[in-house]
Amino acid sequence: MNSAAPFLRLKFSTVVDAYGKLEALSGRVAITEVLASLLRETPKAELPMLVYLTQGKLRPDYEGVELGIAEKFAIRALTTASGLPVEAVKRSYVEAGDIGTAAEKLLEEGRQNHLSSEPLTLRRVYDALFDISQISGSGSIESKLRELVSLLSDSSPKEAKYILRTAMGELRLGVADFTILDACAVAILGGKEHRKVLERAYNVTSDLGHVVQLAAEKGLSGVEGVRVQVGKPIRPMLAERLSTAAEILEKMGGDVVAEYKLDGERAQIHKDGAKVEIFSRRLEKITATYPDVAEYAVKYVKSRRAILEGEVVAVNTETGEYFPFQELMHRRRKHGVQEAMQQYPVAVNFFDVMFSEGEDLTGEPYTARRTELERIVQVTDFTRPVPALRTKSAEEIERYMEEAISEGGEGLMVKDPRAKYTAGARGFGWIKLKREYRSELTDTIDLAIVGAYHGRGRRAGAYGAYLLAAYDQKRGCFPTISKIGTGFSDEDLERFPKLLKPYESSVKPPNVESMLVPDVWYRPKVVIETIASEITLSPIHPAGMDSIRKGSGLALRFPKFTGKVRDEKGPEDATTVKEIVEMYNLQKKRIKEN
Ligand code: ATP
């Protein structure tokens, strides 16, 4: 159990010693051990701070507390703290390839006689970083800088290394959220068999710091008692993909619910009487973008307190027809909500309910949730339960798919009538069936932009192509998979550099893996949707290296930008290497069959 006396404060040097070890380790067991002993040393009240910092955050994602200070700003802070000329700092940064390593080296050389009277504590570091994240308005850059420099001046070179990395949003300890849960199970609940309970609590609250603290304060029964809560977003249930109706039927035991899969934005709607909060697919608050959706939830959802999910689509109010996704994204980018609401009205197709009238429904089979959904969602011009068909026939599914497409959908989402709502997991309880699967094309692939190449000819002076990366979930990094230059409109070519500017990096970002060297590097932040004719083996892209053939990674053939910037996806929500390997195998199977 937690051995530290409550009045003790955890020294930050203890934290960075552990971080140093974590960085050097690769095995999950060893990493878990280091984390477990760090958790044991941490006073209960400080556990959330430790957990968030170890995740490279300050608060759970859904609260929207942003750290990520710009590269330029980090260099300025380090210049002041080290007393060295800015050129020397920049040189050291480019040589080291990372701000933390540069800081450690420069401060070691420049400040042998670092004499801070009091050792830095975890709480001081956390509070200072939190303050920095909250400063805004005029003169905020200078105030942030002062606070950061003051923190760096009181830190040892090694502490400065991790402080700067955290401030830049580049901590990358290689610790997955689930490894933190493993460590918590062992260190706080007394055995790794308790990890599943912790995982569930995390998936339904999306707040790792809260779950770990709860484990420390209330023990196993406290964690078991965690229910979905109105106001705390649930990590979304995600779908697998298969290519034919017959395969899906077989996988689900011959009896399914086929639903329209509409092309809009996923919204998780939390209603508490007249108070509504809406979360995006990546669990950011988007209530301010959709006040009309909030109003619909109040007016047209009969349950007083409920958590529902639906697809928000742009709608033509004169004909009732749905517009494609791009139309909706105009709304997201538009300033002035009132005007945007009038110009781009939306409808909501509700497809799930996870909580209603005081009851957690996540453990109920889908059919029961659907029954409740139909009971509480009123059918209006702007709201309805998504059209659904229970069937045992592949032919019926095919026909329903055509119907869905003719009504503006992208295909079907087929659901297992018995499946619970598996928060935070991609599984076969839901299977997507899109039109593309049936032609030569693969599914669309969402990738992070990590670099750009100068253009020639008509594109001289702009960027001609971008370098894209998938997300390697296992290793927490972004290996490249493709260069892309097709599908960009003139407007895209103009706005992309502006969109990407804040993430420019003078060095290859440490979490990017690439054999190619673009003209400009970007930290992975902006995610775009692409479509390609095929996935091929490639010796020059590290995505999926060695997974199909030794020495080869995977690449996209004839990649094309679809026009969608996936604003609602973070870099970690990009298509994963694992999915791409699966898509490659699916494609191989299809070629064999034809
Ligand atoms: P994913 O969300 O699975 O990572 P993605 O964002 O690329 O992938 P798709 O692969 O197109 O999206 O499919 C999943 C999304 O489909 C859901 O997140 C949801 O927004 C949308 N969707 C549309 N209709 C439905 C429906 N009836 N049931 C569930 N999801 C639906």
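Reply: Two strands pair if DSSP finds at least two bridges between them, and strands (E, at least two residues) as well as helices (H or I, at least four) are DSSP runs numbered from the N terminus. This is a predicted model, in which local features need pLDDT of at least 70 and side-chain atom pairs count only at pLDDT 80 or more, while totals for chains, interfaces and linings use all residues. Residues are numbered from 1 along each chain as its sequence is written, and side-chain values use heavy atoms, with hydrogens and water left out.

Me: How many bridges join S10 to strand S11?

Reply: Strand S11 covers residues 426-434 and runs antiparallel to S10. Within this pairing, Val 414 stands opposite Ile 431. The number of bridges joining S10 to S11 is five.

Me: Which residue in S10 is the bridge partner of Glu 259?

Reply: Strand S2 (residues 256-262) also pairs with S10, in the antiparallel sense and over six bridges. In S10, the partner of Glu 259 is Met 413.

Me: Is strand S10 largely enclosed by the rest of the structure, or exposed?

Reply: Buried means under 20% relative accessible area, exposed over 50%, and partly exposed in between, using a 1.4 Å probe and protein chains only. Seven of the seven residues of S10 (residues 409-415) are buried, so the strand is largely enclosed by the rest of the structure.

Me: What area do domain 1 and domain 3 bury between them?

Reply: The bounds, domain 1 (12-56 + 174-224) and domain 3 (241-434) among them, come from an automatic or database domain assignment. Buried area is the accessible area (1.4 Å probe) that two parts lose on being put together, summed over both. With 48% of it on carbon and sulfur atoms, the area buried between domain 1 and domain 3 is about 300 Å².

Me: Which residue forms a salt bridge with Asp 360?

Reply: A salt bridge is a side-chain nitrogen of Lys or Arg within 4 Å of a carboxyl oxygen of Asp or Glu, and the count between domain 1 and domain 3 is one. With the closest N and O atoms 3.5 Å apart, the partner of Asp 360 is Arg 200.

Me: Is Lys 232 buried or exposed?

Reply: Lys 232 lies in the loop between helix H12 (208-224) and strand S1 (238-241). Its contacts (heavy atoms within 4.5 Å) include Tyr 62, Asp 207 and His 270, not counting residues up to four places away in sequence. At 15% relative accessibility, Lys 232 counts as buried.
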